[in-house]
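Please read this briefing alongside the model shown below.

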Amino acid sequence: MKILFCNIAWMEWYKGALPYDMPVNGGAYIKENRDGADCDNFWAVENFTPYRINKDTVIPKGNIMLGYVATGSTRNGDAHQIKLERIQGCEACKDVDPIEDVLVVFCATRVGERRPFVVGWYKHATVVRNYFKYYLEGGGYLLKNIFCREEDAVLLPVNLRKWRVPRATVDKYGFGQSNVWYADYEQAEEVKPWVEDIIAKIKDYDGPNLRDEEPMDPYEN
């Protein structure tokens, strides 16, 4: 199975930065701006009009999730690509863009933890090598690099975010400095069984999905 792990800021709802749901542990930009392009990764764009993002790719009509993972940048400010050819089964795809039918697993680190946890996923996602711009009706744009249909997205409630994700500095495999982990089996012998276990858990999951719920202010009477 084609699978990609993406490290994003920790939130509960991922439906925009809210006074009671601000992103944390998302890097320097999030810390400074208290907002970021990953803050709405589970906020569907309804009745999406087909939208061309490059010469080969059109986001389809319907209710669409537009996802983002920060890829970092070079010293001269150019954004790094997602190296699609490093995704399992895509080794021959160095000149292919995008890659379709990928299981994208979003991970984030809660306050006080050293490792991230799985917060949600997109099944049958399309992953784009470079950022594309999604222009907003009121002006401006958001950078994105992943999308899927709304029905293929699952956002776990906070109390069910129990699947810990390895970090190389602690476990000798897993996420390194990059926010993208390709789960390369050659990184360590533990990677393959760990990935297979996560895939099985995702396939078997039939619990609640915050994707379908409106954000709730825990301090509101």
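β5 and β8 pair in the antiparallel sense over four bridges, where two strands count as paired if DSSP finds at least two bridges between them, and where helices (H or I, at least four residues) and strands (E, at least two) are DSSP runs numbered from the N terminus. This is a predicted model, in which local features need pLDDT of at least 70 and side-chain atom pairs count only at pLDDT 80 or more, while totals for chains, interfaces and linings use all residues. Residues are numbered from 1 along each chain as its sequence is written, and side-chain values use heavy atoms, with hydrogens and water left out.

**Strand pairing**

- β7 and β8 form a hairpin with five residues between them, and in its turn G139 has a positive phi of about 105°.

**Nonpolar cores**

- The largest nonpolar core has 35 residues, and those with the most contacts inside it are L4, Y14, V104, F106, Y122, V127 and I146. Such a core is a set of buried Ala, Val, Leu, Ile, Met, Phe, Trp, Tyr and Cys residues joined through side-chain atoms within 4.5 Å, and buried means under 20% relative accessible area, exposed over 50%, and partly exposed in between, using a 1.4 Å probe and protein chains only.
- At least two residues of this core come from each of β1, β6, β7 (117-135), β8 (141-149) and β9 (153-155), and β6 gives the largest share, with five residues.
- Another core lies apart from it and has 22 residues, among them I3, C107, V195 and I202.

**Cysteines**

- A search of the whole structure finds zero disulfides, a disulfide being a pair of cysteine sulfur atoms within 2.5 Å.
- C39 is in no disulfide, since the nearest cysteine sulfur, that of C6, is 15 Å away; C39 counts as buried, at 1% relative accessibility.

**Backbone details**

- Most residues other than glycine have a negative phi, and most peptide bonds are trans.
- A cis peptide bond, with omega about 5°, joins D97 and P98, and P98 is placed in the loop between β5 (62-67) and β6 (99-108).
- N25 is not a glycine, yet has a positive phi of about 55°; N25 lies in the loop between β1 (3-7) and α1 (28-33) and counts as partly exposed at 43% relative accessibility.
- K172, another residue that is not glycine, has a positive phi near 75°; K172 is found in the loop between α2 (168-171) and β10 (180-181), and with a relative accessible area of 68% K172 is exposed.

**A buried loop residue**

- Leaving aside neighbours within four places in sequence, D40 is in contact (heavy atoms within 4.5 Å) with Y14, K15, G16, L66, L142 and K144.
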